[in-house]
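The entries follow the order in which I looked things up.

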Amino acid sequence: MGIGNRISKLRDDRGWTQEQTAGLLGISRAALSHYEKNRREPDTETLSKFADLFKVTVDFLVGRTNAPHVTVESPVREFVDQLELSEEDLLNRFALTIDGLKLSPEEARRFIAFVRAERNMK
């Protein structure tokens, strides 16, 4: 199920029209229609707006999980927020990949945070 299909279902589940939903998001109805039909994908900011509006995670919207409400627990989020990410040179000089796909800067930071958290548990 693509991003658009999930957005459309979430909107339909609430009984909202495209016009209402677009107004709540501050986008045009045409843009919402393109998203719902998987003709275009929302940018990060718009994706976050969808997640906030529907009270689901971005991971759910992009299909990384089928659990719409699973979020990082507060202590873990606080820990990650306090990490000093001085690896900018590492991130800029090397392409970190998983399954042949380059990690985005945000994914790389989360990966580093995960490794640090795991090391602290030992």
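At roughly what angle do the axes of helix H1 and helix H3 cross, and within what distance do they come? I found that the axes of H1 (residues 3-14) and H3 (residues 29-36) cross at roughly 120° and come within 7 Å; axes here are lines fitted to C-alpha atoms, for helices over the stretch in contact, with angles running from 0 to 180 degrees between N-to-C directions. H1 and H3 are therefore oblique to each other, given that angles under 35 degrees count as roughly parallel, over 145 as roughly antiparallel, 65 to 115 as roughly perpendicular and the rest as oblique.

Before going on, I noted that this is a predicted model, in which local features need pLDDT of at least 70 and side-chain atom pairs count only at pLDDT 80 or more, while totals for chains, interfaces and linings use all residues. Residues are numbered from 1 along each chain as its sequence is written, and side-chain values use heavy atoms, with hydrogens and water left out.

I then listed the residues that touch, contact meaning heavy atoms within 4.5 Å: Gly4, Asn5, Ile7, Ser8 and Arg11 in H1 meet Leu32, Tyr35 and Glu36 in H3. The residues of this contact divide into 3 nonpolar, 3 polar and 2 charged, where Ala, Val, Leu, Ile, Met, Phe, Trp, Tyr, Cys and Pro count as nonpolar, Asp, Glu, Lys and Arg as charged, and the others, Gly among them, as polar.

Next I looked at H1 against helix H4 (residues 44-54), and found that their axes come within 11 Å and cross at roughly 30°. H1 and H4 are therefore roughly parallel to each other. Ile3, Ile7, Leu10, Arg11 and Arg14 in H1 meet Leu47, Phe50 and Phe54 in H4, and by class this contact has 6 nonpolar, no polar and 2 charged residues.

Why does Thr21 count as buried? I read its relative accessibility as 0%, so Thr21 counts as buried, the term meaning under 20% relative accessible area with a 1.4 Å probe and protein chains only. Thr21 lies in helix H2 (residues 18-25) and, leaving aside its neighbours within four places in sequence, is in contact with Arg11, Trp16, Leu32, Leu53 and Phe54.

Last, I took the protein as a whole: it has 8 helices and 2 strands, these being DSSP runs (H or I, at least four residues, for helices; E, at least two, for strands) numbered from the N terminus. Of its 122 residues, 28% count as buried.

Notes: Buried < 20%, exposed > 50% of the residue type's maximum accessible area, 1.4 Å probe, protein only.
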